[in-house]
There are 2 protein chains.
Amino acid sequence: MSDNLMKVPLEVSARHVHLSQKDQDALFGEGYVMNIMKELSQSGQWAAEERVTVRGPKGEVTARVLGPCRRQTQVEMSKTDCLKVGIEPTLRLSGNLVGTPGCNLIGPAGEVKLEEGVLVAKRHVHMSEEEAEARGLKKDDIVSVRIPGERGLTFHEVHVRVDASFRLSAQFDTDEGNAAWLDVTGGEGEIIK
Amino acid sequence: MSDNLMKVPLEVSARHVHLSQKDQDALFGEGYVMNIMKELSQSGQWAAEERVTVRGPKGEVTARVLGPCRRQTQVEMSKTDCLKVGIEPTLRLSGNLVGTPGCNLIGPAGEVKLEEGVLVAKRHVHMSEEEAEARGLKKDDIVSVRIPGERGLTFHEVHVRVDASFRLSAQFDTDEGNAAWLDVTGGEGEIIK
């Protein structure tokens, strides 16, 4: 396999929330339409201009809204954020919310008390079926991703997520990005099987 | 070499300051004696009960004082902290302060404007001469340290620091600790040459 094929673009996700339609209605008002700030690398996903406040027992932070709406509201924060606001850091794959801690969300039109939904995202790499196949990888494989540079490191336990809508991209949170001295966008790593 | 010999205790350093005597006098008053909260793993070093405020262009954080006093004041913060307060994150070995950014420090008795001294610490491993020799290592070698666990990773670019007063310990900042899902104390990694 050529080395080039194992190169992967790196992305760092700042804290953000995915809202259910019901929670969006409560936080921003029924019929509210988000203002799209930018399209994300994964097709059909976008970041909104809008933010919400995430409140825990010890403090609060603001988090950007990502769209479109999902079935269940999910708050993705770094462990640093969790410790700051007093929410137990819980490492999960995105979407796996059972048993995660809750929080309060505050928007311009109201407040929502989440019973669950706050997670620290497990590092993962997105790819399409074709991209996976070309690399000899499949859904739910675990790989490593080596990051070069003066604070270089190799992330292990990187979950391979495969979906027709995905584009090749390794995704980390801000603690991981800062530990590896990454900028929010840019940079390239290497997938190691 | 036995695997066991390459095991290394892991430590995570939260943000902190080392003060010069002159700056301590300005911040806490002349003749002030710090209250020692705990001894650190490196002999003769301690953490004080006292904290100072570190102010940058965009915000401020509080940082614990570590003692005893040093020749020059040094502020060690994570990249996350630097971005929050608006100070350019600058990766340096501890003690290498030339050209690092400054900040304002605020204590109970006064304020100090530092022209330089704020750094993000390069990851490093402390060891005595004997510990280095037993592992076939020497001062300024660069090694990797593998961290096990559900957010396991291998830190590269780990600087070997050797001093008679040092005890074997790999030292990381909070971004690195959180990226690897470490607790502030505890855990064990493996040095890889």
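**Entry: a charged pair in chain B.** I looked up B:Glu60 and found that it forms a salt bridge with B:Arg55. The closest N and O atoms are 2.9 Å apart. I then checked accessibility in this predicted model. B:Glu60 is partly exposed, at 41% relative accessible area. B:Arg55 also counts as partly exposed, at 34%. Next I followed salt bridges that share partners. They join A:Arg123, A:Asp173, A:Glu176 and B:Arg151 into one network.

**Entry: across the chains.** I took one bridge from A:Asp173. Its partner is B:Arg151, and the closest N and O atoms are 2.9 Å apart. How many salt bridges are there between chain B and chain A? I noted 4. Over all chains, the count comes to 15. I also looked for polar contacts across the interface of chain B and chain A. The rule finds 23 residue pairs, with both residues at pLDDT 80 or more.

Which elements of chain B supply at least two residues each to the side that touches chain A? I listed helix 2 (79-85), strand 10 (118-121), strand 13 (153-162) and helix 4 (174-179). Strand 13 of chain B gives the most to that side, with 5 residues. I then sorted the residues on the side of chain B that touches chain A. They divide into 10 nonpolar, 7 polar and 11 charged.

**Entry: extent of the contact.** I looked up how many residues take part. Chain B gives 28 residues and chain A gives 28 residues. The size of an interface is often given as the accessible area lost when the parts come together. Here chain B and chain A bury about 2,400 Å² between them. Of that area, 52% is on carbon and sulfur atoms.

**Entry: how the copies relate.** I laid chain B on chain A. The same surface serves both copies, as 100% of the contact residues of chain B recur in chain A.

**Entry: two lysines in chain A.** I went to A:Lys138 first. A:Lys138 forms a salt bridge with A:Asp141, with the closest N and O atoms 3.0 Å apart. A:Asp141 is buried, at 16%, because buried means under 20%.

Then I took A:Lys139. A:Lys139 forms a salt bridge with A:Asp140, and here the closest N and O atoms are 3.2 Å apart. A:Lys139 is exposed, with a relative accessible area of 53%. A:Asp140 is partly exposed, with 43%.

**Entry: a buried aspartate.** I ended on A:Asp23. I placed A:Asp23 in helix 1 (residues 21-28) of chain A. A:Asp23 has a relative accessible area of 11%, so it is buried. What does A:Asp23 touch, leaving aside its neighbours within four places in sequence? I found A:Thr73, A:Val112 and A:Leu114. With A:Thr73 there is a polar contact too: the side chains of A:Asp23 and A:Thr73 are joined at 2.5 Å. I also checked A:Arg64, 41 residues from A:Asp23 along the chain. The C-alpha atoms of A:Asp23 and A:Arg64 are separated by 15 Å.

Methods: Residues are numbered from 1 along each chain as its sequence is written. Chains are lettered from A and ligands numbered from 1 in the order in which they are written. This is a predicted model: local features need pLDDT of at least 70, side-chain atom pairs count only at pLDDT 80 or more; totals for chains, interfaces and linings use all residues. Side-chain values use heavy atoms; hydrogens and water are left out. Contact means heavy atoms within 4.5 Å. Helices (H or I, at least four residues) and strands (E, at least two) are DSSP runs, numbered from the N terminus. Buried means under 20% relative accessible area, exposed over 50%, partly exposed in between (1.4 Å probe, protein chains only). A polar contact is a pair of N or O atoms within 3.5 Å; within protein, one must be able to donate a hydrogen and the other to accept it, and residues adjacent in sequence count only if both atoms are side-chain atoms. Buried area is the accessible area (1.4 Å probe) that two parts lose on being put together, summed over both. A salt bridge is a side-chain nitrogen of Lys or Arg within 4 Å of a carboxyl oxygen of Asp or Glu. Ala, Val, Leu, Ile, Met, Phe, Trp, Tyr, Cys and Pro count as nonpolar, Asp, Glu, Lys and Arg as charged, and the others, Gly among them, as polar.
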